[in-house]
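The following exercises examine a single protein chain. Please work through each task before reading its solution.

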Amino acid sequence: EVVPLVGLHHRQVEEEQSLELHWDFPHQVVVAAAAAAATATASGPSEVRKEPVKPEPLDLDQYTSVQELEALGLDRLKSALMALQVKCGGTLQQRAERLFSLKGLDRKDYPQKVRAKEFVE
């Protein structure tokens with residue numbers, strides 16, 4: 001469609017009026033915003049904040065398989081990996097495998113690829 005040069009303000013006003021007429025848009029936005037505010041006020045913030053994971057050593061001699069370590073969960077594995085100053089990201093299985101691979105090793109023998117930047121021998 002070819003439109004002659006006209007002020008954009010005029011076209012914008014027409015489009016907004018059409019939208020308001022067909023969709024009752026401003027009313028819906030106000031109602032939705034009010035409902036969201038009421039929900040947030042009644043139940044507190046919608047975002048649940050977790051406590052940061054703190055390094056906590058884990059006695060690997062008590063575990064005989066990767067599956068036993070997996071049963072501890074993501075956060076506990078992360079905590080144990082952090083305590084050893086090795087990389088602590090990845091899936092549950094990756095964390096458990098990384099941790100189990102260090103069982104019985106001296107710190108100086110930890111593979112370079114698993115060491116975190118903060119690693120100190």
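**Exercise 1.** Determine what percentage of the residues in the chain is buried.

Solution. Buried means under 20% relative accessible area, exposed over 50%, and partly exposed in between, with a 1.4 Å probe and protein chains only. By this criterion, buried residues account for 17% of the 121 residues in the chain. This is a predicted model, in which local features need pLDDT of at least 70 and side-chain atom pairs count only at pLDDT 80 or more, while totals for chains, interfaces and linings use all residues. Residues are numbered from 1 along each chain as its sequence is written, and side-chain values use heavy atoms, with hydrogens and water left out.

**Exercise 2.** State how many helices and strands the chain has.

Solution. Helices (H or I, at least four residues) and strands (E, at least two) are DSSP runs, numbered from the N terminus. The chain contains five helices and zero strands.

**Exercise 3.** Explain why Ala-116 counts as buried, and where it is found.

Solution. Ala-116 lies in the segment after H5. Ala-116 counts as buried because its relative accessibility is 15%. Leaving aside residues up to four places away in sequence, Ala-116 touches Gln-85, Val-86 and Lys-87, where contact means heavy atoms within 4.5 Å.
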